[in-house]
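User: I'd like to learn how to read this structure feature by feature. Could you give me the general idea each time, then the case at hand?

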Amino acid sequence: MLAMEKDFDAKLRIQGNSSNGGNVQRSKSFAFRAPQENFSIQDFELGKIYGVGSYSKVVRAKKKDTGIVYALKIMDKKFITKENKTAYVKLERIVLDQLDHPGIVRLFFTFQDTFSLYMALESCEGGELFDQITRKGRLSEDEARFYAAEVIDALEYIHGMGLIHRDIKPENLLLTVDGHIKIADFGSVKPMQDSQITVLPNASSDDKACTFVGTAAYVPPEVLNSSPATFGNDLWALGCTLYQMLSGTSPFKDASEWLIFQRIIARDIRFPDYFSQEARDLIDRLLDLDPSRRPGAGPVGYATLKKHPFFKGVDWTIMREQSPPKLALEAQSSESDDGHDSSWNPSHIGDCGARQCEGNTGATSSSEASGHITRLASIDSFDSKWQQFLEPGESVIMISMVKKMQKLTSKKVQLILTNKPKLIYVDPSKLVVKGNIIWSDNPSDLNIQVSSSSNFKICTPKKVLSFEDAKQRAWQWKKAIEGLQNR
């Protein structure tokens, strides 16, 4: 284990000279604003999980000696090394260290142990904007205007620093306890050639500016066509996010990533009747097929975007001093969601080994299985930990973290539909298949009954399985399964 830690440290260490492709500032030495501490995971009292990714988890963590609460991002060293993600991790750390804006999550310090890297980030107790949309069904135009304005304020700063975020979506827009927006998750960030960020020689994202990153429903058409990344990528995602705020769903939502991509390329947008003319016009302009024509991307910068009629009455100079919309609180359930069937066990973290670390576990965030894309070549890509359940050549049609409902309890499982076709559900903690639903093209042997946007049943002659999808994709599951039956 000590050898593994030394090997990883060597990869993280600043490498002397490196080819400088472009004018991005690079430095051989760097003084971090957020220090690298000698803390241990046992210095923290761990709480609920905020989110889960392919090589990281974000968990609520209270430092025992100060009582200060952080969002602790815990990253798996072994996976990072295996998947060649070291440069991405280092770039995220360096970028967060240098960004200073009230609309961006702050990095306070980092530390590491034998198995994991840790980043202590600002804790946003208001949760994800996605959760607010889900709880309210959809936001009013006043609420959406406030949130969109705060996102624009932070995006203008990010772009002004010469950075493209590349993963703007409601799950990455966090809310403070009083309801102000902060942009999070800079794991896909790309510095442009004239970036004001100092980038260390061996800390950079992909050298190919057209590398495919982001989340399926928010990816712009030019990225699908392998065009170089531009600030317009984030503005397209902003348009998708504003649409989702106002409607409750993303504009190109469909049963699979492949179908989503077809709608994006065709620019297949359908506006609900209740959208105001101003909202419709702004979204229409942000979702322009030409990234240079999107408001905010032109030669006058963000002035065009801020002057759009949708933002009439917004005082951009005192925006963060104004009262934010009232937060909708999480509905209290009689079922214990905290700790039951958690997708995370503290004993898997750091140097805890087989013993149980102190702290509590919690349920996974709704952003699990959000369809994180890494390469266009892998059009049905998803978090790599699920790859072990696929055969060579088999690809995912649909995947969700859902609750498997039973009489007295519910358990979180990863429901996976593949093109084989195959339909399984996996224990996300133990990473073992808990059920294989026998496939049939005959609807009398396999059919899906939808009772609400979140609840559906998969019926076979031997059993009926009930599921709840927090992202309200019950109809998409029905469409995806029946689409395979009718292929």
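This is a predicted model: local features need pLDDT of at least 70, side-chain atom pairs count only at pLDDT 80 or more; totals for chains, interfaces and linings use all residues.

Analyst: Let's start with exposure: buried means under 20% relative accessible area, exposed means over 50%, and partly exposed is what falls in between (1.4 Å probe, protein chains only). R267, at 25% relative accessibility, counts as partly exposed. Residues are numbered from 1 along each chain as its sequence is written, and side-chain values use heavy atoms, with hydrogens and water left out.

User: What share of the residues in the protein chain is buried?

Analyst: Buried residues come to 55% of the 487 in the protein chain. For the surface, areas come from the Shrake-Rupley method with a 1.4 Å probe, and for residues only the protein chains shown count as cover. The protein chain exposes about 21600 Å², with 49% of that supplied by carbon and sulfur atoms.

User: How many helices and strands are there in the protein chain?

Analyst: Helices (H or I, at least four residues) and strands (E, at least two) are DSSP runs, numbered from the N terminus. Here that gives 11 helices and 19 strands. As for contacts, meaning heavy atoms within 4.5 Å, take those with a separation of 6 or more: 66% of them are between residues 24 or more positions apart.

User: Which strands pair with β3?

Analyst: Two strands pair if DSSP finds at least two bridges between them. On one hand, β2 (residues 56-63) pairs with β3 in the antiparallel sense over 7 bridges, and K62 stands opposite V69. On the other, β3 runs antiparallel to β5 (residues 116-122), again with 7 bridges, and there I74 faces Y118. The hairpin of β2 and β3 has 5 residues between the strands, and G67 takes a positive phi near 80° in it.

User: Why is β3 largely enclosed by the rest of the structure?

Analyst: In a regular strand the side chains alternate between the two faces of the sheet. For β3 (residues 69-76), 6 of the 8 residues are buried, so the strand is largely enclosed.

User: In what order do the strands of the open sheet with β6 come?

Analyst: The order is β6-β8-β9, 3 strands with antiparallel pairing. Its edge strands, β6 (127-128) and β9 (181-183), each pair on one side only. Between β6 and β8 (residues 173-175) there are 2 bridges in the antiparallel sense, with G127 opposite L175.

User: Now salt bridges. How many does the structure hold?

Analyst: Side chains of opposite charge can pair when their charged atoms come close. The rule used here is a side-chain nitrogen of Lys or Arg within 4 Å of a carboxyl oxygen of Asp or Glu. The structure holds 23 of them. One is E125 with R60, where the closest N and O atoms are 3.2 Å apart. E125 sits in the loop between β5 and β6 and R60 in β2, so this pair ties together parts 65 residues apart in sequence. Both ends are partly exposed: E125 at 40% relative accessible area and R60 at 28%.

User: What does the salt bridge of E156 and K306 connect?

Analyst: Their side chains meet at 2.6 Å, N to O. E156 belongs to helix α5 (residues 141-160) and K306 to helix α10 (residues 303-306), so parts 150 residues apart in sequence are tied together. E156 is partly exposed at 29% relative accessible area, as is K306 at 21%.

User: And which residue forms a salt bridge with R267?

Analyst: That's D284, at 2.7 Å, N to O. D284 is in helix α9 (residues 277-286) and R267 in the loop between α8 (257-266) and α9, 17 residues apart. There is also a network of salt bridges linking E150, D153 and R320.

User: Last one: which residues touch the most other members of the largest nonpolar core?

Analyst: In soluble globular proteins, nonpolar side chains tend to be buried together. A nonpolar core here is a set of buried Ala, Val, Leu, Ile, Met, Phe, Trp, Tyr and Cys residues joined through side-chain atoms within 4.5 Å. The largest has 80 residues, and L99, Y147, I183, F186, L305 and F311 touch the most other members. Helix α5 gives the most to this core, with 11 residues.
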